[in-house]
Amino acid sequence: MAQPTLNMNITMAISMFSGPRQSNAPFSSSFLIPSNSSSLLLHTTLLRLNKTNPNKWRHSMFISTKPALKDGILTVNGKPAIAGVPDNVFLTPLTESSAYLGASSTESSSRHVFKLGVVRDARLLSLFRFKLWWMIPRVGDSGSDIPIETQMLLMEVNKGPANASPSYIVFLPVLDGEFRSSLQGNSSDELEFCVESGDPATVTSECLKAVFVNHGNHPFDLMKESMKILEEQTGTFTVREAKQMPGMLDCFGWCTWDAFYQKVNPQGIKDGLRSLSQGGTPARFLIIDDGWQDTSNEFQKEGEPFVEGSQFGGRLISVEENSKFRRNDEAQSDAPVDLKHFVSDIKFNFGLKYVYVWHALLGYWGGLVPDVEGTKKYNPKLTYPVQSPGNLANMRDISMDCMEKYGIGVIDPARISEFYNDLHGYLVAQNVDGVKVDVQNILETIATDLGGRVLLTRHFQQALEDSIATNFHDNSIICCMGQSTDSIYHSKQSAITRASDDYYPKNPTTQTLHIAAVAFNSIFLGEVVVPDWDMFYSLHDAAEFHAAARAVGGCGVYVSDKPGHHDFNILKKLVLPDGSVLRAKYPGRPTIDCLFSDPVMDGESLMKIWNLNECTGVLGVFNCQGAGSWPCLENAHQKDVSEEISGKVSPADVEYFEEVSGKSWTGDCAIYSLNTGSLTRLQKEEEFDISLKTLQCDVFTIAPIKVYNQNIEFAAIGLINMYNSGGAVESIEQSGGGIGIRGRGEGKFGAYSSVKPKSCLVNSKQVGFTFREEDNLVIVTIPSGAGDWDIEISY
């Protein structure tokens, strides 16, 4: 933990070590008092005592040999990882495989950049913030390839016998006291870490637990173990597996944003819900995005031309809905009586289970209007955001630029709990079920005189999650624009976070980047939340690309189609007639052989994303080459791309396959291709070729072939008319002289069978089936309206 100069009102005891400072904060600052101030005092005392005897401190760094820091070399698992480590860098052992890295300076400051040493000749994957709000991946082989604002660095280590399996090292810059860390490289191939408080008055001369480092032989096991260690060590966040999952994740949804943008209106919402329902894919989940709130905007004048970016100067007037959703006089006969009547109406008429509405973390983009009746109780103050040098070194963002220009009406931190409870309590009274909370990383830019970005984020995040728990009943929140580690490492309850920059339907160069970015970001984010893949258009050149990615992503599925503009051939491969979706179990992530390749710009790599269902694996393969370039590259030259890209696919691409293979597995798999409708039998380690053109994809269901009744080899594929076929299968078991399969959804059920069946029952009724002898595919038609079903196949 860092030893910052803290605000005097935290505790007098700590001030004995850090010295007093005066605060000129415009808000009350009681929110800064940490709940674990006693443990903070203990740790601060220990640091001070150790500083009186530097030799003893440094000696304690070498108790463990892995990881170890000696003679300027950081070794992890006995292998050198970083060379030329400066003397002011310290290593604090944590577990047998992990440790913290930190450093000290001769000067106190609110921002330090420390060198860690030289990294060369290693395969590297960085996840970095290219904008204030969003991460993307970058691969490389030396320190100079590590971008500013890197929040996860994965290194593949191959220093050993030629045939040895690689091992992996992960570097995770974390929150150290009041300081937030990030990684970056320089032109000398040196890895550096930056620590900053976001408040010039919150300073330190050392951060000794700024970067967590761990190693392992399996990258996904390594990430899971690392995040669990950090969860236990910090107590500030909770891993995904321990969180309550909102029910909307398993429902097909519709978001109003790309359908209407801020011109969303009640009639348009009804039209969209109606057209989706009439097409056979009813939405059961709705997000009413930006455009429903009671706001004003002094930077938009009636009769004057629209100025791009001026929308980010709007501010909230009250927590209630605007006049589009509330009838103020009889002249508004087409407006609903109020938001409650409207929400109740669309739930009743269109079978919606969940209605969420959008709001920003500070109410609206520009915060709250100061000194008006509906907001003055929250004591908002006009504040002009200041971005960190790290963010300014990457890509500018129009929303942030405009908020810097127009200012933000920032809610008094002492009143933020009251604001959230008032807003969410009002929404619950309007029959609203949850919220999408946007613009979350804004806090790091307004933390001056408020104790710094880490404490401010902790305070707001706790207030937000407490309000969600108090007012809603289903952990009903989607977080957005919150990919900074300030937010990630304070996610105690929130279970869903957007995992990429926006879906941009009008920009053809971002479609492939979107898919690749979410998959890579999910390596990190997926340990803390369910990554949200954002909305998409079902009627679009890249619609199937996006739809297939959602099917393997293990995420919520929602579109933002304009009313009447739908491709139901695509939607019906995602959505069952009852409005549910076949969601895979885990966050979809790249296969191991993709981790250190660039599927967007190297001109040769396909993007492969794996996941599991209850009884099968699923693998999506995407050609992301040749359509766009990653931002923030000095030389963004796209390598020459062939008309088709070829690659290898194997059942071994699906991790943790033992979860579905079971004891009676033959070691072979049945692989079904959605594109070709073909069924192939392969051993787990075997592979086959695939070729795809730009923006083409295929989805493979990979099912373990098991032995039943001693001589029947069988594998259930699932509903072969769906992208994630195996998501329909809930259980498979031996049933008398046959096999019983339980599942849900209508359409064509497919399975591999080594022997042609004699008969088939669906929900105890005899039905016909077909058997393709060339590939042993059994096809059974599940009648419409079946919902849940039991299939009994007899031999």
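**Entry 1**

The model I am reading is predicted, so local features need pLDDT of at least 70 and side-chain atom pairs count only at pLDDT 80 or more, while totals for chains, interfaces and linings use all residues. Residues are numbered from 1 along each chain as its sequence is written, and side-chain values use heavy atoms, with hydrogens and water left out.

Helices (H or I, at least four residues) and strands (E, at least two) are DSSP runs numbered from the N terminus. Two packed helices are described by the angle between their axes and the distance between the axes.

Which residues of helix 6 meet helix 7? I found P266, I269, K270, L273 and R274 in helix 6, and they meet F342, D345, I346 and F350 in helix 7. Contact means heavy atoms within 4.5 Å. The residues of this contact divide into six nonpolar, no polar and three charged. Nonpolar covers Ala, Val, Leu, Ile, Met, Phe, Trp, Tyr, Cys and Pro; charged covers Asp, Glu, Lys and Arg; the others, Gly among them, are polar.

I then traced an open sheet of five strands in the order 36-37-43-39-40, with antiparallel pairing. Two strands pair if DSSP finds at least two bridges between them. Strand 36 (729-735) and strand 40 stand at the edges with a single partner strand each, so one side of each has no neighbour in the sheet. From one strand to the next the twist averages 25°.

Strand 39 (residues 759-762) pairs with strand 43 (residues 788-794) over four bridges, and S759 has S794 as its bridge partner in strand 43. Strand 39 also pairs with strand 40 (residues 765-767), over three bridges. In strand 40, K765 is the bridge partner of V762, and V767 is that of C760.

How many residues lie between strand 39 and strand 40 in their hairpin? I counted two residues, and N763 in the turn has a positive phi of about 50°.

Terms used: Axes fitted to C-alpha atoms, helices over the stretch in contact; angles between N-to-C directions.
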